[in-house]
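I opened my notebook to keep a record of what I looked up, one entry at a time. Each entry below covers one topic.

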Amino acid sequence: MNLTKSNELTKKIKEKAFEEGFDAVGIARVPGSSRIKLRTDSLDRWLQAGHQANMEWMKSPRRKNIEHMLQGVQSVLAVGLNYYIDTDQTPKDISIARYGWGKDYHKVIEKKLKKIGKLLETERPSTKWKICVDTSAFLDKAWAEEAGIGWIGKHSNIINSKIGSWMFLGHLLSTEVLEADEPSKPICGECEKCIEACPTKAIEEPFIVNSNKCLAYHTLENREKELPENIISKMGNWIAGCDICQDVCPWNQANISNTSEPDLQPSEWILNITKKNALSWSDKEWKKNLNNSALKRMKPWMWRRNINSISNN
């Protein structure tokens, strides 16, 4: 493909991505800059330190080579979807991370990216493409940074200068050669507010989150019948995820627009749920309320375990 045609296709794809409602859009060229190797090496050190806790899927070798996701991949479209809602849960006797307030973001992103993939297919019938969200064995944050839609902050989340870190990520891998954007440059500077605010000191050093200490890990992924005592004592009211490191981030203090995505608007029960009410749910009620949410990864017994943990805190 000549340069002019490549630029035209790149422009069409980006326009389509914004049309689908994504708030940040960028493209990286495979194999990427030297930073991809640095991020891959960092993953190796993180795994060797055991920071993945029981998340064995993080060890997948596919995560270290993008070719394992799509053979012949040439370009990566990275997109960010704002999920910020400027409202509070009331009453405040339990807290649920913002990522779980609306419908399952994986499905929302996949639906939008599929339309972009179909456009690519129409423009280039011989192309191959693959959708990746954060459940894929893929260095999503590293490639988002490489595509210029944000940098990896010290809390390990992607930060965009306009949306802050309230952003879901998605990627469309393609065998087409597209025009690449400049990678983002980390600009957290000397700020360590996220590190200082973490109640369990899970951010052991900049960019390194030890899942063994993380409230989000324990409330969402830990399958033990009881949570560790040192986690229970620091849980506060968090029963599903934790937003503390993002809440204190200076990049999230700006006037961030509320997401306009209908499927990411908070469910009524999310904003009004109480500890007593949540504990009273049967398994059937739990499934009804959480079945279309990203929180469905939790099991009813984990839900109750977490609530009982903060009740005894």
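This is a predicted model: local features need pLDDT of at least 70, side-chain atom pairs count only at pLDDT 80 or more; totals for chains, interfaces and linings use all residues.

**Entry 1, a serine in a loop.** I found Ser165 in the loop that runs between strand S6 (158-159) and strand S7 (167-174). Is Ser165 buried or exposed? Its relative accessibility is 3%, so I noted Ser165 as buried. Leaving out residues up to four places away in sequence, I listed what Ser165 touches, and the list holds Tyr83, His155, Asn157, Ile158, Ile159, Gln246 and Asn252.

I then turned to Ser233, which lies in the loop between helix H7 (229-232) and strand S10 (238-240). Its relative accessibility came out at 42%, so Ser233 counts as partly exposed. I saw that the side chain of Ser233 reaches the backbone oxygen of Asn230 at 3.1 Å. I also compared Ser233 with Thr200: 33 residues separate them in sequence, while from C-alpha to C-alpha they are 9.2 Å apart in space.

Which residues does a cis peptide bond join? I found that the bond between Val30 and Pro31 is cis, with omega about 15 degrees, and that Pro31 is in the loop between strand S1 (24-29) and helix H2 (34-48).

Next I looked up Lys201, which is not a glycine and yet has a positive phi, near 60 degrees. I placed Lys201 in the loop between helix H5 (193-197) and strand S8 (203-205), and its relative accessibility of 48% makes it partly exposed. Phe207 also has a positive phi, about 80 degrees, although it is not a glycine. I found Phe207 in the loop between S8 and strand S9 (208-209), and noted it as partly exposed because its relative accessibility is 36%.

How many aromatic pairs does the structure hold? I wrote down nine. In one of them, Tyr84 and Trp166, the ring centres are 5.9 Å apart and the planes meet at 35 degrees, so I recorded the pair as tilted. This pair links distant parts of the chain, 82 residues apart, with Tyr84 in the loop between strand S2 (75-82) and strand S3 (95-96) and Trp166 in the loop between S6 and S7. Tyr84 is buried at 12% relative accessibility, and Trp166 is buried with a relative accessible area of 1%.

I then looked at Trp281 and Trp303, whose rings are stacked, with 5.3 Å from centre to centre and 5 degrees between the planes. Trp281 is in the loop between helix H10 (275-280) and helix H11 (283-290), whereas Trp303 is in helix H12 (residues 300-311), so the pair ties together parts that are 22 residues apart in sequence. Both Trp281 and Trp303 are buried.

Going back to Trp166, I found that it belongs to one aromatic cluster together with Tyr83, Tyr84, Tyr99, Tyr105 and Phe168. The charged end of Arg98 sits over the ring of Trp166, 5.0 Å from the ring centre.

I ended with H2, whose 15 residues reach 22 Å from the first C-alpha to the last, close to the 21 Å expected at 1.5 Å a residue. Which residues of H2 are buried? I listed Ile36, Thr40, Leu43, Trp46 and Leu47. Seen down the axis of H2, its buried residues fall within an arc of 115 degrees, so they too line one face of the helix. What covers them includes helix H4 (140-146) and S9. The face turned away from the buried side carries the exposed residues Ser34, Lys37, Leu38, Arg45 and Gln48. After H2 comes Gly50, and its phi is positive, near 80 degrees.

Technical notes: Residues are numbered from 1 along each chain as its sequence is written. Side-chain values use heavy atoms; hydrogens and water are left out. Helices (H or I, at least four residues) and strands (E, at least two) are DSSP runs, numbered from the N terminus. Buried means under 20% relative accessible area, exposed over 50%, partly exposed in between (1.4 Å probe, protein chains only). Contact means heavy atoms within 4.5 Å. A polar contact is a pair of N or O atoms within 3.5 Å; within protein, one must be able to donate a hydrogen and the other to accept it, and residues adjacent in sequence count only if both atoms are side-chain atoms. Rings of Phe, Tyr and Trp (its six-membered ring) pair if their centres lie within 6.5 Å; planes under 30 degrees apart count as stacked, over 60 as edge-to-face and the rest as tilted. A charge sits over a ring if NZ of Lys or CZ of Arg is within 6 Å of the ring centre and within 35 degrees of the ring normal. The expected span of a helix is 1.5 Å times one less than its number of residues. The arc is that of the directions from the helix axis to the C-beta atoms.
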